[in-house]
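The sequence and the structure are shown first, and the description follows.

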Amino acid sequence: MSTAPGDVVRKRRPQVRKRPRPITLAIIALIVLTVLVAMLLVITGTWPLAGFPENRAVGQVTPTTPHAAMLKVEAVGAPVRDGEQVTLKAKITNNILQSAAAVGTPTPNAATATPGPAKVLNASVKVFYYYTPPSGGEKTIVGSGVGNYFSPQGLASGESAEIDVVATDVGSFNSYEVFPDTVWTDKDPVKAPEAGPTP
């Protein structure tokens, strides 16, 4: 029998399967548990809550623009339902006091301009529809809508106008809230249109 290097046959070692580490098993178990809990919550209707208007818990309603809070908004009559669409007639009254937008370079230590009456050129109004279980429990939003007022002449101080606020996909509700959301007045700065390419 030759002992030359080429004649030596190396024996292969049997491959041993590695067991998963405990941390890997723990991560897999955590993922499976999270998925199962999420499925259970969806099936029972407990989740989702946030992010969906029809299931969102009620918080404090605040206008988007600062002067919108001075726009008085009232419901005119009751909401009218037509299938899943609900229309509410809203009356807006201009009670806005606003300072004119600063023009040019600001002057240091300049006196603050006194707010005065402003004309409303554009305004949006929102309505939220709520459902509270008769047995008590959390009040939730089951629908919402937006109405818009626009007039190039503007709504003068103290004047009123009526608009329709239309909401779609509204569920069963037993209360609602209407409020101003945005306001654009003649005292707000006007952005100049950007110069485009010459034809």
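## Salt bridges and ring pairs

Asp 164 is partly exposed, with a relative accessible area of 41%. Because its relative accessibility is 35%, Lys 89 also counts as partly exposed. The structure described here is a predicted model. In this model the side chains of Asp 164 and Lys 89 meet in a salt bridge, with 2.9 Å from N to O. Distant parts of the chain are linked by this pair, since Asp 164 belongs to strand β7 (residues 160–167) and Lys 89 to strand β2 (residues 85–94), 75 residues apart.

How many salt bridges does the structure hold? The number is 2. Asp 181 and Lys 126 form a salt bridge through their side chains, at 3.9 Å from N to O. Here too the pair links distant parts of the chain: Asp 181 is in strand β8 and Lys 126 in strand β5, 55 residues apart. Asp 181 is buried, because its relative accessible area of 9% falls under the 20% limit. Lys 126, with a relative accessible area of 26%, is partly exposed.

| Asp 164 | Lys 89 | 2.9 Å |

Is Ala 90 buried or exposed? Ala 90 is buried, as its relative accessible area is 0%. Leaving aside neighbours within four places in sequence, the residues in contact with Ala 90 include Val 73, Glu 74 and Val 76, together with Ala 161, Glu 162, Ile 163, Val 165 and Val 178. Between Ala 90 and Gly 147 the C-alpha to C-alpha distance is 8.6 Å, although 57 residues separate the two in sequence.

Attention now turns to strand β5. Of the 12 residues of β5, 9 are buried, so that the strand is mostly covered. β5 runs antiparallel to strand β6 (residues 140–155), and 11 bridges join the two. Within this pairing, Asn 122 stands opposite Phe 150 of β6. β5 also pairs with β8 in the antiparallel sense, over 10 bridges. Tyr 129 has Tyr 176 in β8 as its bridge partner.

The model contains 4 aromatic pairs. One of them joins Phe 128 and Tyr 130 edge-to-face, with the ring centres 6.5 Å apart and 75° between the planes. Both Phe 128 and Tyr 130 are buried. Why is the pair of Phe 128 and Phe 179 edge-to-face? The ring centres of Phe 128 and Phe 179 are 5.5 Å apart and the planes meet at 65°, so the arrangement is edge-to-face. Since Phe 128 lies in strand β5 (residues 120–131) and Phe 179 in strand β8 (residues 175–185), this pair ties together parts that are 51 residues apart in sequence.

Phe 128 counts as buried because its relative accessibility is 13%, and Phe 179 counts as buried because its relative accessibility is 8%. Through ring pairs, Phe 128, Tyr 130 and Phe 179 are linked into a cluster. Lys 139 lies over the face of Tyr 130, at 4.4 Å from the ring centre.

How values were computed. Residues numbered from 1 in each chain as written. Predicted model: local features only at pLDDT ≥ 70, side-chain atom pairs only at ≥ 80, totals over all residues. Heavy atoms only, no water. Phe/Tyr/Trp six-rings, centres within 6.5 Å; stacked < 30°, edge-to-face > 60°. Buried < 20%, exposed > 50% of the residue type's maximum accessible area, 1.4 Å probe, protein only. Helix = DSSP H or I, 4+ residues; strand = E, 2+ residues; numbered from the N terminus. Lys NZ or Arg CZ within 6 Å of the ring centre and 35° of its normal. Pairing = 2+ DSSP bridges. Salt bridge = Lys/Arg side-chain N within 4 Å of Asp/Glu carboxyl O. Contact = heavy atoms within 4.5 Å.
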